[in-house]
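These are my notebook entries on one protein structure. I set down what I looked up, topic by topic.

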Amino acid sequence: SLRFESSWESRPSLSFVSLSRPPTHMRTQRVAVVGGGFVGLSTALLLRRAGHAVTLIEAGAGGALGASQGNAGTFAAYACVHINRPGLFWDVPRLLTSRTSPLSVVPTPHLLRMLPWFAHFLRNCRPERVEASSVALGSILARAEAAYNGVWEAAGVHVDDTMGRFAGPSSAAALPYAARHGYLLLQKTQDMMNASQSAAATRRQCVPGLRMQALTTAEVLELEPNLSPQAAGGGSWFFPDGWFLREPGALLRALSSGFEAAGGEIRCSTRATALQPNHDSVTIELDGGLDSLVADQVVVACGAHSAVLARSVGDWVPLDTERGYHVEWKQGSEAVFTRAVCDPSQGYISSPMSGGLRSAGLVELGGTHAGPTPARCDQLEEATLGMMNPHAAAALGPRVKTADWLGFRPTMPDALPVIGRSPRASRVIYAFGHQHVGWTLGGITGQLVTELIDGRKPSVDLQPFRPDRFSLGALL
């Protein structure tokens, strides 16, 4: 059966009090970080490094992993080109009816609740809004890798270290977390390559220093001989500095261990269900009121489950969910590729993880309560085998169905995360909505949150990411 992240139930809002902004150059704070994915864990580590007393609250059992463990592992510094684009509305019927489309829906009542999100999404498909979001994403993507240096230092680990005891398969213990062999963005036809030139120009403009080059089909096959020539019929964009994690869960386990070794506290199997701001603190309701925790400041970084906590203090943000899947093959299958390979036309990435090849992606709308759709995993398997030459596909064999996985990407209508203080309660800081780039932006988000809590000027302009940017006043 499919594995998937359990959903959080909606809770009625609690009353709130409007608080003045905490003073700058603050004393050591008691900070609670809600969410144990890459964003929450990076934030917790950087806050602990800054001298704060930090408790990490994670709903999952057995460690602070969150949904971050199920991604394709790619460090996506190039990802300033997002799904919003002019004319997308007219393509939706085709996307929803095509068997190979990356977009699908689950017919649930949640789709009606998504209508405000859809309205804001369409507004953000206007050319000027698409460009503004790309520029804003570029401003944090350009700093993303350097920002992780503080995380590595705080945890006593580095992505170029060997995984050691944190590796899942013991045979991978001597391998580094990071596989630095570049990244391929395949183009199936010459028409697709021609159409991708605009996106390439946006990447170059919005992410300073980004290196990318166009390859011919022959050059692609020289790098990855197990690909089908048809998979790169139009060539590929190659990012020579691109890299991916061989096992995202291993790095999360290492960071969690480093956080605890540095004096941080992790409370697993614990759900933060509401926030109650007070004059000089915030009370966090845990597990529906069975327990509670008091902190000077709270960071909400629990991805797709963050909206319920925002509502509990009186904030409304149009946060919703892109349901994403991954499928895996047996250990040893990772030898089929050297680097992560993306087929943008079908919306997935194949990464040669340490435990076997993993293909992750697709966008399914339908909320967090609906169960997994097995057909999406079948679709990923078929697409992955189809990108390979017949010999490689036959050698790969069927996927390991017990490893099929569903997770929830937190998605905002303008493709930008929410980073900043709550307009209603300034002791609550939001850090969620990172869509497909939570792992990539974990370090820079943690850096920005730490700067806010320390009373320092953020190193990036946070105006595009402010929590109230979808309020009526902001839209007028």
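I count two residues as in contact when they have heavy atoms within 4.5 Å of each other. With that rule I looked at the contacts in the protein chain with a separation of 6 or more, and residues 24 or more positions apart account for 75% of them.

Entry on the source. I note that this is a predicted model, in which local features need pLDDT of at least 70 and side-chain atom pairs count only at pLDDT 80 or more, while totals for chains, interfaces and linings use all residues. Residues are numbered from 1 along each chain as its sequence is written, and side-chain values use heavy atoms, with hydrogens and water left out.

Entry on the whole chain. I found 15 helices and 21 strands in the protein chain; helices (H or I, at least four residues) and strands (E, at least two) are DSSP runs, numbered from the N terminus. I then looked up the radius of gyration, taken over C-alpha atoms, for which the globule rule is 2.2 Å times the number of residues to the power 0.38. For 476 residues a compact globule would have a value near 23 Å, and the protein chain agrees with 21 Å. The C-alpha trace spans about 65 × 50 × 45 Å along its principal axes. Buried residues make up 58% of the 476 residues, where buried means under 20% relative accessible area, exposed over 50% and partly exposed in between (1.4 Å probe, protein chains only).

Entry on helix 6. Helix 6 covers residues 144–155, and its 12 residues should span 16 Å at 1.5 Å a residue; the expected span is 1.5 Å times one less than the number of residues. I find the end C-alpha atoms 17 Å apart, which agrees. Among the buried residues of helix 6 are Tyr148 and Trp152. Their cover includes helix 1 (38–49), helix 5 (127–141), helix 10 (248–261) and helix 14 (438–453). After helix 6 comes Gly156, with a positive phi near 70°.

Entry on aromatic rings. Rings of Phe, Tyr and Trp (its six-membered ring) pair if their centres lie within 6.5 Å; planes under 30 degrees apart count as stacked, over 60 as edge-to-face and the rest as tilted. My search of the whole structure gave 13 aromatic pairs. Phe75 and Trp243 are a stacked pair, because their ring centres are 4.9 Å apart and their planes are at 10°. Phe75 lies in the loop between strand 3 (53–57) and helix 2 (88–97), and Trp243 in the loop between strand 8 (236–239) and strand 9 (244–245), so the pair ties together parts that are 168 residues apart in sequence. Phe75 is buried at 4% relative accessibility, and Trp243 is buried at 3%.

Entry on Thr411. Which strand holds Thr411? I located Thr411 in strand 19 (residues 405–411), and Thr411 is buried at 1% relative accessibility. Thr411 and Asp320 are 91 residues apart in sequence, yet 5.3 Å apart in space, C-alpha to C-alpha.

Entry on positive phi. Most residues other than glycine have a negative phi. Ser269, however, has a positive phi near 55°; Ser269 is in the loop between strand 10 (265–267) and strand 11 (272–277) and is partly exposed at 43%. Asp287 has a positive phi near 50° and is partly exposed at 31%.
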